[in-house]
Amino acid sequence: MASRMTEDRARWRAYRCGGPITHVALDYGRTLTSGHDDVDAVLGMRPVNAAAKAALWELDAVGVVLALVSNTRVGQDRRAALKAAGVDGLFGPRVYLSHQLGADKSDPRFFAHVLDDLGVGPGQLLVCGNNPGTDIGPAAALGIPAVLLAPS
């Protein structure tokens with residue numbers, strides 16, 4: 001029920017603001033994390049940084065449905081870092097890891113799967129990432145709006 005309410009809030013907010021985007025998919029490495037932070041020995045990856053965490057809560061507050069999209073190797077699960085940051089509930093089951101999907105983000109099947117699983121069209125999803133070749137180009141090729149985020 002909560003997921004449906006979030007989707008309804010996102011659609012209402014998108015309509016009110018004049019745009020169709022209701023879902024935002026974020027890359028993990030150097031998008032939710034900083035290259036300046038050390039790798040957390042327990043997590044085996046850099047932690048979600050404070051600025052990213054604040055932005056996630058802001059997006060959730062206006063009703064945007066969040067998803068995580070990440071190129072990963074077998075045994076690497078970004079959910080642990082989301083949980084450690086206290087933001088795992090904002091993503092729910094919408095965590096898409098390349099090693100689990102059998103395709104990385106540069107493969108059109110990756111973002112096609114994300115769209116299908118979220119039940120949205122390309123114009124309803126915004127992809128945010130730091131890599132033009134794996135985050136921006138592949139999403140844009142499918143008609144998904146994408147934003148390149150710089151480390152600063």
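Modeller: Before we start, a residue is called buried under 20% relative accessible area, exposed over 50% and partly exposed in between, with a 1.4 Å probe and protein chains only. This is a predicted model, where local features need pLDDT of at least 70, side-chain atom pairs count only at pLDDT 80 or more, and totals for chains, interfaces and linings use all residues. Residues are numbered from 1 along each chain as its sequence is written, and side-chain values use heavy atoms, leaving out hydrogens and water.

Biologist: Thanks! What share of the residues of the protein count as buried?

Modeller: The protein has 152 residues. Taking them together, the buried share is 41%.

Biologist: Which residues of helix α6 are buried, and what arc do they cover?

Modeller: Helix α6 spans residues 108-118, and its buried residues are Phe110, Phe111, Val114, Leu115 and Leu118. Helices here are DSSP runs of H or I, at least four residues, and strands are runs of E, at least two, numbered from the N terminus. The arc is that of the directions from the helix axis to the C-beta atoms. These residues lie on the same side of α6 because they cover an arc of only 130°.

Biologist: And which exposed residues sit on the face turned away from that buried side?

Modeller: That face of α6 carries exposed residues. They are Pro108, Arg109 and Asp116.
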